[in-house]
Amino acid sequence: MDPLLIFKALSNETRLQILDWLKDPEKHFPPQEGGDCRKIGVCVSHIQEKAGLSQSTVSQYLLTLQRAGLLEVYRYGQWTYYKRNEKTLQELSRYIGQEL
């Protein structure tokens, strides 16, 4: 875990919103054909639609969150799915509680 990289990733309101939406994907996204959104994640097109931003901007935001270790990515065929990396988020919580 790289705290500085994580804090940089979290310094954007939309990226924070994406993490919040992915915490409860059934509440924030429509059903998807690819499978259980808790298991495989949410299709990038659903995230892009909800954010109301261009595909390239959302893709860059998702990549930033992924590089920080906050998201896991799964690719099935032509589709890409994202979900929260709960392990990293728990480590971050411990870091804040113990180190800061």
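Glutamate 72 has lysine 83 as its bridge partner in strand 3. The model is predicted, so local features need pLDDT of at least 70 and side-chain atom pairs count only at pLDDT 80 or more, while totals for chains, interfaces and linings use all residues. Residues are numbered from 1 along each chain as its sequence is written, and side-chain values use heavy atoms, with hydrogens and water left out.

Two strands pair if DSSP finds at least two bridges between them. Strands here are DSSP runs of E with at least two residues, helices are runs of H or I with at least four, and both are numbered from the N terminus. Along this pairing, leucine 71 stands opposite arginine 84, and tyrosine 74 has tyrosine 81 as its bridge partner. Two residues lie between the strands in the hairpin of strand 2 and strand 3, where glycine 77 takes a positive phi near 60°.

Strand 3 also pairs with strand 1, again antiparallel, through two bridges. Here valine 42 stands opposite tyrosine 82.

How much of strand 3 is buried? Five of its six residues are buried, so the strand is mostly covered. Buried means under 20% relative accessible area, exposed means over 50%, and partly exposed lies in between, with a 1.4 Å probe and protein chains only. Threonine 80 is in strand 3, and its relative accessible area of 16% makes it buried. Contact means heavy atoms within 4.5 Å. With neighbours within four places in sequence left aside, threonine 80 is in contact with Val42, Cys43, Val44, Val73, Tyr74 and Arg75.

Axes are lines fitted to C-alpha atoms, for helices over the stretch in contact, and angles run from 0 to 180 degrees between N-to-C directions. Helix 2 also packs against helix 4: their axes come within 11 Å and cross at roughly 125°. That makes helix 2 oblique to helix 4. Angles under 35 degrees count as roughly parallel, over 145 as roughly antiparallel, 65 to 115 as roughly perpendicular and the rest as oblique. Thr14, Ile18, Trp21 and Leu22 of helix 2 meet Ile47, Lys50 and Ala51 of helix 4.

Helix 4 in turn meets helix 5, with axes that come within 9 Å and cross at roughly 110°. Helix 4 and helix 5 are therefore roughly perpendicular to each other. The residues that meet are Val44, Ile47, Gln48 and Ala51 from helix 4 and Gln55, Val58 and Leu62 from helix 5.

Which residues have the most contacts inside the largest nonpolar core? They are Ile18, Leu22, Ile47, Leu62, Leu65, Leu70 and Leu71, in a core of 23 residues. Helix 1 (3–9), helix 2, helix 4 (44–51), helix 5 (55–67) and helix 6 (86–99) each supply at least two residues of this core. A nonpolar core is a set of buried Ala, Val, Leu, Ile, Met, Phe, Trp, Tyr and Cys residues joined through side-chain atoms within 4.5 Å. Leucine 70, leaving aside neighbours within four places in sequence, is in contact with Ile6, Ala9, Leu10, Leu19, Leu65, Lys83, Arg84, Asn85, Thr88 and Leu89.

Glutamate 26 is in helix 3 (residues 25–28). Its relative accessibility of 44% means that glutamate 26 counts as partly exposed. Beyond its neighbours within four places in sequence, glutamate 26 is in contact with Asp36, Cys37 and Arg38. From glutamate 26 to valine 42 there are 16 residues in sequence and 9.4 Å in space, C-alpha to C-alpha.
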